[in-house]
Structures are given as structure tokens and as C-alpha cells.
Amino acid sequence: MTRINPMPRVLPLFVLGVALLFAPACSDSGSGTVTVTTWGELLIEDGLTSDIFPKDHWSVKYSKFLLVYHSVTIADANNKVGAQLDHPLVFDMTQKAQGTPKTLGTYSLEAEAWPNVSYQMGPITSDATAGDLATADDVALLQNDQATVHVEGTGTSPDGVQKTFSWSFPTPTFFEGCHGEQDGKEVDGVIVTNGGTQNVELTVHGDHLFYDDLQSEEAVPRFQALADADANNDGVITLQELDQVPLYTIPIDKGSYGTGALGNVNTLGDYERTLSRTIGHYRGEGSCNSKSVAQ
Ligand SMILES: [Ca+2]
């Protein structure tokens with residue numbers, strides 16, 4: 001799983017950068033096309049079946065999975081920007097694109113290596129608009145909650161007990177140094193070939209919101225501890241209820257809920273807020289380094 005890197009807060013200098021939609025495609029090497037898309041995989045579109053939760057066999061169906069992308073940037077080895085998203089776009093990752101990827105932008109880039117791909121989830125700002133298949137209501141919901149990520153859904157136990165959740169996570173995250181597979185090889189960023197077309201997918205991993213450890217390779221999705229946090233037993237798990245559950249009170253048979261080297265993660269509420277910052281990936285199983293963003 002992706003680790004949140006507990007780096008000191010960094011100034012988002014890239015936000016101040018010049019937003020170039022298209023680089024001049026005038027080099028001798030020609031140019032190619034890069035389409036930047038996003039996908040939450042079938043886990044978010046169709047739901048997380050009980051086999052995704054190997055220990056407690058809950059299942060989860062998302063009804064909403066909103067997020068806002070910001071400053072998606074493709075740069076070369078000298079950090080020359082070839083393409084950059086010119087304003088924030090909101091997506092609902094539960095919306096099925098029916099074979100057509102949800103697209104952030106299509107760019108013409110010089111045929112060369114573009115190893116520095118980065119993007120930011122959040123913050124929501126007044127200039128954000130609805131991306132493919134999202135609605136003005138989705139944008140308004142994030143703006144109203146000042147949320148970077150907002151998820152709604154229902155967990156179902158093996159016995160048919162159901163718990164719903166509706167959580168807004170405010171903290172933006174900067175993902176940089178993205179690398180993933182291209183034509184069977186591990187590539188930093190993206191390699192553009194003359195006349196070629198590359199799909200750069202910002203992949204969202206919906207199972208990561210339920211991982212039972214922040215840094216262990218053995219982490220698996222679980223739901224029972226979250227369900228148990230529904231203190232007033234009204235069937236709705238609120239973030240405020242999660243805030244009332246210290247991690248040390250969770251029985252080991254319901255998950256280790258280890259925090260590794262991370263400080264300030266003391267309750268299930270802290271835990272979910274941290275996990276919400278690990279969902280950003282790259283070209284499927286590829287990954288990026290994540291950092292905090294100065295606000
Ligand atoms: Ca409740």
C-alpha cells in the first residue's frame with residue numbers, strides 16, 4: 001500500500017507555476033499524444049465483495065466517491081512543464097464510464113521521456129468544475145464540506161447487518177514521482193513516442209480506505225472495527241463516532257490498526273483521515289510519493 005510520507009509541509013510551488021495546456025511540439029523528435037484519465041476500478045464502480053475483506057468478510061458498496069484533482073502536471077527531466085491541468089476537476093469515481101475513460105485532458109507532447117508526473121488531490125476551490133460524469137451538485141457538495149474526498153456507501157456483514165457512512169476528508173495531498181508500467185516496463189512518468197498515444201491513468205484504489213494497517217505489507221481491508229464504532233447503533237457510522245475510538249481499544253482479532261512511524265494517528269477517525277490520503281495511484285498498480293500540502 002502507499003505510505004503517507006510524514007514530510008514537513010511543503011509550499012505548493014507547482015500551484016504558482018504557469019499553466020501550460022500545450023507544449024510547443026517543435027523538436028526534431030516529433031510529438032505524441034497523452035490522454036490523462038482517472039478510474040476507480042471495479043472496486044469503486046461495482047463494490048468491494050466479501051472476498052476483498054479476507055478476515056471479516058464484510059462487503060462495501062460505494063454510492064458516491066467524489067474527489068477533486070488539481071495541478072496534474074507532466075514535466076520532463078529538467079522539470080520543463082509539458083502539460084498541466086488548468087483548473088481543478090471533480091469526479092465521482094462510482095460513475096461508470098462505459099468503456100470510455102473519464103478524461104482530465106488530452107495533450108500533445110514532444111516525443112521524449114517525461115519522468116516527472118505529479119498531481120494533487122484537493123483542496124476544493126471556487127474555480128473547480130465537474131469532470132466527466134460528475135455533476136454541479138457533486139462540486140457543490142465538496143465545496144460545502146471543503147472536502148478533498150467525499151465517500152458515501154454501505155457496509156454489509158456476512159450476517160446481513162448494514163452500516164452506512166458519509167465521510168468528507170478535507171486534507172489535500174500532493175502525489176509526485178509517479179511511476180508505473182508502460183508497455184511492460186516500469187517507467188517514471190510517461191514516455192511519449194513520435195506519433196504514439198499514451199493513456200496516463202490516475203488510478204484510485206477504493207479498498208485502501210479500509211486497510212487495517214498504515215504501513216505493513218500485510219495490511220488487508222476490514223470493516224468490523226468501523227461497524228463497531230456506531231456507538232448509538234443507528235446504522236450510521238459517523239466520523240465523530242470514529243473519533244471516539246482510540247486505536248489501542250480495538251481487539252487484535254479485529255485488526256492491528258498499526259500506524260508505523262506516523263504520529264498523531266490515535267483514533268479510528270484519525271486513521272480514516274490518513275487512509276483517505278493513500279488512495280491515489282498511477283497507471284493501475286503504479287504509485288507516487290505522497291506529501292502534505294501547505295494550505
Ligand atoms: Ca451512529
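**Entry 1. Basis**

I note that this is a predicted model, in which local features need pLDDT of at least 70, side-chain atom pairs count only at pLDDT 80 or more, and totals for chains, interfaces and linings use all residues. Residues are numbered from 1 along each chain as its sequence is written, and side-chain values use heavy atoms, with hydrogens and water left out.

**Entry 2. The protein chain**

I counted secondary structure as DSSP runs numbered from the N terminus, with helices (H or I) of at least four residues and strands (E) of at least two. The protein chain has six helices and 16 strands. I then looked up its radius of gyration, taken over C-alpha atoms, for which the globule rule is 2.2 Å times the number of residues to the power 0.38. A compact globule of 295 residues would have a value near 19 Å, and the 19 Å of the protein chain agrees with this. The C-alpha trace spans about 65 × 35 × 35 Å along its principal axes. Of the 295 residues, 53% are buried.

**Entry 3. The calcium site**

I took as donors the N, O and S atoms within 2.8 Å of the metal (3.2 Å for Na, K and Ca); water is not among the atoms, so sites may look incomplete. At 2.3 to 2.5 Å, the calcium ion is coordinated by Asp230 (OD), Asn232 (OD1), Asp234 (OD), Val236 (O), Glu241 (OE) and Glu241 (OE). Along the chain these donors follow the spacing D-x1-N-x1-D-x1-V-x4-E.

For the geometry I applied these rules: four donors are tetrahedral if all angles lie between 85 and 135 degrees; four are square planar and six octahedral if opposite donors are over 155 degrees apart and all others between 65 and 115; anything else is irregular. The six donor atoms of the calcium ion make angles of 53 to 157 degrees, and the site is irregular.

Asn233 is exposed, with a relative accessible area of 59%.

**Entry 4. The cavity**

I searched a 1 Å grid over the protein atoms alone, where a cavity is a set of points at which a 1.4 Å probe fits but cannot get out, and lining residues have an atom within 4 Å of a point. Grid points are joined across faces, edges and corners, and a volume is the space filled by probe spheres set on the points. The count is one cavity of 30 Å³ or more. The largest cavity holds about 40 Å³ of space.

Its lining consists of Met121, Thr148, Val149, Thr171, Thr173, Phe175, Ser276 and Arg277. I classed Ala, Val, Leu, Ile, Met, Phe, Trp, Tyr, Cys and Pro as nonpolar, Asp, Glu, Lys and Arg as charged, and the others, Gly among them, as polar. By class, this lining has three nonpolar, four polar and one charged residues.

**Entry 5. Strand S7 and what follows**

Ser118 is in strand S7 (residues 116–121) and is buried, with a relative accessible area of 11%. Ser118 and Ala75 are 43 residues apart in sequence, and their C-alpha atoms are 8.5 Å apart.

The peptide bond from Gly122 to Pro123 is cis, with omega near 0 degrees. I placed Pro123 in the loop between S7 and strand S8 (129–130). Leu133 is in the loop between S8 and helix H3 (136–145). Although not a glycine, Leu133 has a positive phi of about 70 degrees, and Leu133 is partly exposed at 43%.

**Entry 6. Other loops**

Pro88 lies in the loop between strand S3 (81–84) and strand S4 (89–92), where it is buried at 3% relative accessibility.

Val265 is in the loop between helix H5 (239–243) and helix H6 (268–275). Ala261 is found in the loop between H5 and H6. Val265 is buried at 9%, whereas Ala261 is exposed at 66%.

Notes: On a 1 Å grid over the protein atoms alone, a cavity is a set of points where a 1.4 Å probe fits but cannot get out, and a pocket is an open set with protein on both sides within 12 Å along at least five of seven lines; lining residues have an atom within 4 Å of a point. Buried means under 20% relative accessible area, exposed over 50%, partly exposed in between (1.4 Å probe, protein chains only).
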